[in-house]
Amino acid sequence: MMYNNKIRESSDIENIILPIGEMMNSSTDFDYRKIQVRFIVDLILIGDRICSRTDWNNAVSPEDKVLLTLRYYATGSMLIVCGDFIGIHKSTASRIVKLVSHNIAILRSQFFVNFPNNENDFKKVKQDFYNIAKFPTVIGALDCTHVKIKSPGGDNAEVYRNRKNFFSINVQTICDANLKIQDIVARWPGSSHDSTIFNNSEIRRKLEIWRNEATGINVKITSSQSTIVATAVLHNIACNFGESVPRVTTKIESLILITEFNNPGEGIGRNAANITRNKFLRYFNNLI
């Protein structure tokens, strides 16, 4: 308990990042350096959004709030464990994770998660993808993944149960050739089909406009959504600092639950799909 109190009393990030970083790295590949944590703290502190109103009753410092949240993301520990590490109650830890996650998530479109919006940006993204495998005219790689959550409760809880029979949020993400996230949608329940998410997304609307122009987790559901988007922002921050993407190990792969869905109306438009597929096959065969 003396160790916890020592951390709580310290306002110097240099003294508290090292032990937390060591504990993070002991169980995951998640790694944030002191300069990166300071960058995150300074960024979120715009408008004093996570500062406590007073210093009464040993208020948790902004640095400790960010570090606790990063530890929660990195280890997946129960909130009571994360709270014990700096000597605070589980309910306080829960409020901190929700607050910090929300304030990181709202930075998404302001700074870090942006889809190309002009011709020069599109040309660069296309060239980056082409450099990988000579795949032409690609502006992003899109997929959906199920992020497991606890049951949100209430009358609509079952809409979050996916076909693998666990509760989840179906998250649509688009990344560029350098694995930086360009767009993320984290509001659809697990029962939603991937095509439904895309068809109702802002990205599809933009693509339709561009095409026309060219031719003439153990927290509440609201906290889960903020957490998902916040980790996307943090991923891009790490990319900006030149951090390499952690290698997906066999152990990590075994923890990933892959949900396979059959497309509704499968068979409709099959001839058109085969024509497109054959065009790609001919293109890449000519490259060999």
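R163 counts as exposed, because its relative accessibility is 58% and the cut-off for exposed is over 50%. In this predicted model, R163 belongs to the loop between β1 and β2. R163 and S192 are 29 residues apart in sequence, and their C-alpha atoms lie 9.8 Å apart in space. The protein chain as a whole holds 13 helices and 3 strands.

**The chain overall**

- The protein chain has 288 residues, and buried residues make up 38% of them.

- K150 is partly exposed, because its relative accessible area of 44% falls between the cut-offs of 20% for buried and 50% for exposed.
- On the surface, K150 gathers with K90, K98 and K220 in a patch of positive charge.

**A nonpolar patch**

- I35, F39 and F241 make a nonpolar surface patch of about 270 Å².
- I35 is located in helix α3, which covers residues 34-44.
- The relative accessible area of I35 is 58%, so I35 is exposed.

**Helix α4**

- Helix α4 runs over residues 62-75, which is 14 residues.
- From its first C-alpha to its last, α4 reaches 20 Å, close to the 20 Å expected at 1.5 Å a residue.
- Most of α4 is covered, with 13 of its 14 residues buried.

**Helix α6**

- Helix α6 spans residues 90-105 and has 16 residues.
- Its reach from first to last C-alpha is 22 Å, close to the 22 Å expected at 1.5 Å a residue.
- The buried residues in α6 are A93, I96, V97, V100, S101, N103, I104 and A105.
- Residues three or four places apart in an α-helix point the same way, because there are 3.6 residues a turn.

**Helix α11**

- Helix α11 takes in residues 221-240, a run of 20 residues.
- The distance from its first C-alpha to its last is 29 Å, close to the 28 Å expected at 1.5 Å a residue.
- α11 is mostly covered, since 14 of its 20 residues are buried.
- G242 follows α11 and has a positive phi, near 80 degrees.

- Most residues other than glycine have a negative phi.
- K134 is not a glycine, yet its phi is positive, at about 60 degrees.
- K134 is found in the loop between α8, which covers residues 119-133, and β1.
- K134 is partly exposed because its relative accessible area is 43%.
- L179 also has a positive phi, near 65 degrees, and is a residue other than glycine.
- The loop between β2 and β3 holds L179, with β3 covering residues 181-189.
- With a relative accessible area of 42%, L179 is partly exposed.

Note on methods: Residues are numbered from 1 along each chain as its sequence is written. This is a predicted model: local features need pLDDT of at least 70, side-chain atom pairs count only at pLDDT 80 or more; totals for chains, interfaces and linings use all residues. Side-chain values use heavy atoms; hydrogens and water are left out. Patches are made of residues with over 30% relative accessible area and no salt bridge: like charges are joined within 9 Å, nonpolar side chains (Val, Leu, Ile, Met, Phe, Trp, Tyr) within 5 Å. Accessible areas come from the Shrake-Rupley method with a 1.4 Å probe; for residues, only the protein chains shown count as cover. A salt bridge is a side-chain nitrogen of Lys or Arg within 4 Å of a carboxyl oxygen of Asp or Glu. Lys and Arg count as positive and Asp and Glu as negative; His and the chain ends are not counted. The place of a charge is taken as NZ of Lys, CZ of Arg, CG of Asp or CD of Glu. Buried means under 20% relative accessible area, exposed over 50%, partly exposed in between (1.4 Å probe, protein chains only). Helices (H or I, at least four residues) and strands (E, at least two) are DSSP runs, numbered from the N terminus. The expected span of a helix is 1.5 Å times one less than its number of residues.
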